[in-house]
Amino acid sequence: MAENDTGGRIAPYSNPAGGWGALKYVALNLVRERVGRNSIGTLLAQNQPDGFDCPGCAWPDRVHTSTFEFCENGVKAVAAEATSKRVPPEFFARHTVTELMAQSDYELERHGRLTDPMAYDRATDKYVPIAWDDAFALIARHLNALDDPDRAAFYTSGRASNEAAFLYQLFARMVGTNNFPDCSNMCHEATSRGLPGTVGIGKGTVTLDDFDEADAILIFGQNPATNHPRMMGLLRECAKRGAAIVSINPLKERGLERFQDPQSPAEMLTNASTPISSMFVRPRVSGDLALIKAVARRVLELDDEAQAAGNPRVLDTAFIDAHTTGFAAFAADLRAEDWGMLLEESGVPRAEIERLARLYASAERVIACWGMGMGLTQHRQSVAAVQMLSNLMMMRGQIGRRGAGLCPVRGHSNVQGDRTVGIEERPTPAFLDRLGQVFDFSPPRHHGLDVVATIRGMVDGRVNVFVGLGGNFAAATPDTPLTWAGLRQCALTVQVSTKLNRSHLVHGRDALILPTLGRTEIDMQDGVAQGVTVEDSMSMVHISYGINRPASPNLLSEIAIVARIAHATLGSGKVDWLARAANYALIRDDIEKVFDDFYDYNARVARPGGFHLRVASRERTWATPSARAQFVVNAIDRDTAIHRARAIHGERLLTMMTTRSHDQYNTTIYGLDDRYRGVFGMRRVVFIHRDDLAMLGLEAGDKVDITSMWNDGIERRADGFLLVEYDIPRGCVGAYYPETNPLVPLDSVAVGAGTPTSKSIPVLLHPAR
């Protein structure tokens with residue numbers, strides 16, 4: 001055990017994921033947030049037909065009527081909303097923004113729920129109360145004064161409901177812009193941009209039922225015990241029935257080693273646990289493209305060997321011939337690839353690639369899962385990596401087969417749904433045609449700005465009104481000093497939020513905090529309780545009703561806030577915004593008119609469990625230009641920022657990935673422990689291999705400053721991190737975000753997706769100043 005000078009400690013954690021440790025932290029969070037006894041029943045309504053959808057992750061529910069359909073991190077999210085702590089106007093009267101800026105993200109989170117709309121007062125450097133109508137009038141004045149609608153940007157968090165997101169995009173497009181930066185731009189955009197080029201739609205092809213029949217499950221870059229804990233129960237079932245589970249991740253995460261199910265009396269009473277993964281593959285950070293390509297090449301060779309021996313083919317040639325195009329060029333590219341390069345770029349030994357390829361080739365039904373946690377979607381070639389994985393699955397017909405398919409696991413609870421209903425800076429002409437037809441206006445046709453382009457626009461002075469529907473833009477984004485400078489140059493920043501966060505303190509000349517209802521709270525409109533809908537990672541749409549009394553009588557729902565901004569800005573000549581704010585079923589009727597797959601929306605979502613949105617590729621219908629699934633050839637880039645920096649600095653150059661701790665959800669910091677990795681009471685740590693410590697002449701427990709290597713002459717650094725010896729591939733280091741977001745250059749993005757490269761940052765470590 002090691003202590004540091006902030007009172008934190010490093011202590012290896014030997015217990016399985018879940019189990020008694022999870023129950024302990026559930027209790028700690030309920031106490032920490034001062035959740036009263038009357039609110040404990042809230043947990044029993046989580047993910048229930050007549051309750052609310054978990055405001056945390058987007059993992060679907062096995063049965064929408066299970067009594068205990070929640071997890072440790074879901075409890076943390078619910079406790080954060082159900083807290084009895086409040087941030088009223090009196091709080092802001094006691095603190096200037098400058099004083100609050102000195103507090104950590106964890107300290108800001110702990111103050112509790114916002115209660116009243118607030119406006120920034122430059123004279124006092126404080127937020128002061130403002131009436132709702134005055135707040136909406138201020139927004140309308142700024143928007144209507146713009147000489148170009150594209151000088152406004154409308155950010156969306158993945159926790160916004162379908163109804164709020166649809167109304168939001170309709171309003172912004174009626175203002176005249178497609179500037180929709182959203183959290184997808186920073187996480188799964190590689191999936192959204194990569195899969196349409198291979199299978200025709202940027203969504204997964206599996207449902208939970210497919211896991212019951214899968215022979216093998218490949219898990220790329222995920223840490224489900226932290227990021228999607230409810231997935232662990234399903235993986236436990238799969239492991240117990242003998243499915244091969246392969247963890248492909250630079251870090252050997254505890255949840256994919258052993259899991260103790262808190263809902264299993266036998267495991268809890270005997271302190272037993274279930275082994276999860278039967279194989280661990282440890283690529284270098286951002287080495288996943290080379291690894292997948294190496295496996296695909298070896299599968300092709302195994303097919304050659306099978307043919308030569310007169311054995312059944314390894315490739316599914318019937319699927320390839322009937323459903324795909326481009327295979328010949330793809331196979332030729334694989335055969336031309338150099339094995340030495342593939343091994344070097346992936347960092348995986350040939351023997352492990354051989355074992356993985358044979359496991360994949362021998363399994364009849366394979367599911368490939370991936371998240372943003374440790375790669376695949378947050379490095380320069382992330383689109384290519386997603387497409388290569390799709391190529392690999394198509395080689396054996398593993399798409400559109402029961403018990404098999406593609407499974408991108410989203411983060412926020414409705415990040416996929418928001419994109420489905422129109423939060424998209426690159427809208428299709430067909431969508432714009434339908435939207436304009438239904439609402440009798442001419443939507444803007446040019447592509448809008450994503451997150452990175454919005455930041456650049458704010459810095460350059462082209463964007464000067466920023467509206468955030470949830471989220472914490474100032475903390476979530478890359479190149480933190482540059483992002484903050486951009487936000488501070490805006491004429492107006494608006495944040496729709498439930499709790500205090502960094503984005504309220506990094507603001508424009510005018511700034512508003514608009515407090516909103518949480519997912520757990522009763523939403524009464526005209527005396528009728530309203531439900532909102534969300535879409536999970538597997539395209540299931542279901543309705544959510546809050547059950548808690550609102551944290552303040554002065555809160556408005558996200559839908560009401562959007563509608564009243566729209567009414568103040570545009571009036572209600574074409575759209576009766578206020579009627580929709582009073583009856584959310586009207587918005588679902590609107591969505592049904594614009595999107596054919598939402599037919600009978602209100603009726604279908606009223607059924608327990610909701611309904612499944614059609615995913616054409618699941619049915620082997622391919623919405624591509626060729627009307628077939630398409631093999632895509634992608635070369636491995638050997639001239640990246642990492643390669644160039646390593647040529648200068650040699651082995652001292654390390655590749656950093658940012659990651660979550662177990663006590664956080666995206667930028668929300670619930671606590672200071674990351675127990676599965678043995679970190680307690682602190683966050684400024686760097687995980688590093690013992691041999692890299694020796695190479696640098698450093699020791700575990702030393703403090704270091706981190707600088708990132710980029711070619712624009714700007715010094716990017718993050719100081720005062722404790723070195724923690726860890727089982728991580730050589731040449732790689734890991735650290736938590738948002739603390740290390742200042743190291744991610746704004747211009748370092750995924751090709752074809754624009755996602756910040758948070759999983760491939762070239763860095764140097766220096767003894768702390």
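Guide: Begin with Met 656, which stands opposite Ile 761 in strand 34. This is a predicted model, where local features need pLDDT of at least 70, side-chain atom pairs count only at pLDDT 80 or more, and totals for chains, interfaces and linings use all residues. Residues are numbered from 1 along each chain as its sequence is written, and side-chain values use heavy atoms, with hydrogens and water left out.

Visitor: Which way do strand 26 and strand 34 run, and how many bridges join them?

Guide: They run antiparallel, and 3 bridges join strand 26 (residues 654-659) to strand 34. Strands here are DSSP runs of E, at least two residues, and helices are runs of H or I, at least four residues, both numbered from the N terminus. Two strands pair if DSSP finds at least two bridges between them.

Visitor: And strand 31, how many bridges join it to strand 34?

Guide: There are 5 bridges between strand 31 (residues 703-708) and strand 34, again antiparallel. Thr 707 is the residue opposite Leu 764 of strand 34.

Visitor: What closed arrangement do these strands belong to?

Guide: A closed barrel of 6 strands, in the order 26-33-30-32-31-34, with mixed pairing. From one strand to the next the twist averages 45°; angles run from 0 to 180 degrees between N-to-C directions, with axes as lines fitted to C-alpha atoms, for helices over the stretch in contact.

Visitor: Why is strand 34 called largely enclosed?

Guide: Because 5 of the 7 residues of strand 34 (residues 761-767) are buried. Buried means under 20% relative accessible area, exposed over 50%, and partly exposed in between, with a 1.4 Å probe and protein chains only.

Visitor: Which helix lies across strand 26 and strand 34?

Guide: Helix 28 (residues 641-649), running at about 35° to strand 34.

Visitor: Switching to helix packing. At what angle do helix 20 and helix 26 pack?

Guide: About 130°, with the axes of helix 20 (residues 429-439) and helix 26 (residues 584-594) 9 Å apart. The two are therefore oblique to each other; under 35 degrees counts as roughly parallel, over 145 as roughly antiparallel, 65 to 115 as roughly perpendicular and the rest as oblique.

Visitor: Which residues meet there?

Guide: From helix 20, Phe 431, Arg 434, Leu 435, Val 438 and Phe 439 meet Asp 590, Lys 593 and Val 594 in helix 26. Contact means heavy atoms within 4.5 Å.

Visitor: What about the largest nonpolar core, how many residues has it?

Guide: It has 63, and Leu 218, Val 299, Phe 327, Leu 392 and Met 395 have the most contacts inside it. Helix 13 (residues 288-308) gives the most to this core, 11 residues. Such a core is a set of buried Ala, Val, Leu, Ile, Met, Phe, Trp, Tyr and Cys residues joined through side-chain atoms within 4.5 Å. A second, separate core of 62 residues includes Phe 431 and Ile 543.

Visitor: Is Leu 570 buried, partly exposed or exposed?

Guide: Partly exposed, because its relative accessibility is 37%. Leu 570 lies in helix 24 (residues 558-570). Beyond its neighbours within four places in sequence, Leu 570 is in contact with Phe 171, Met 174, Val 175 and Trp 577.
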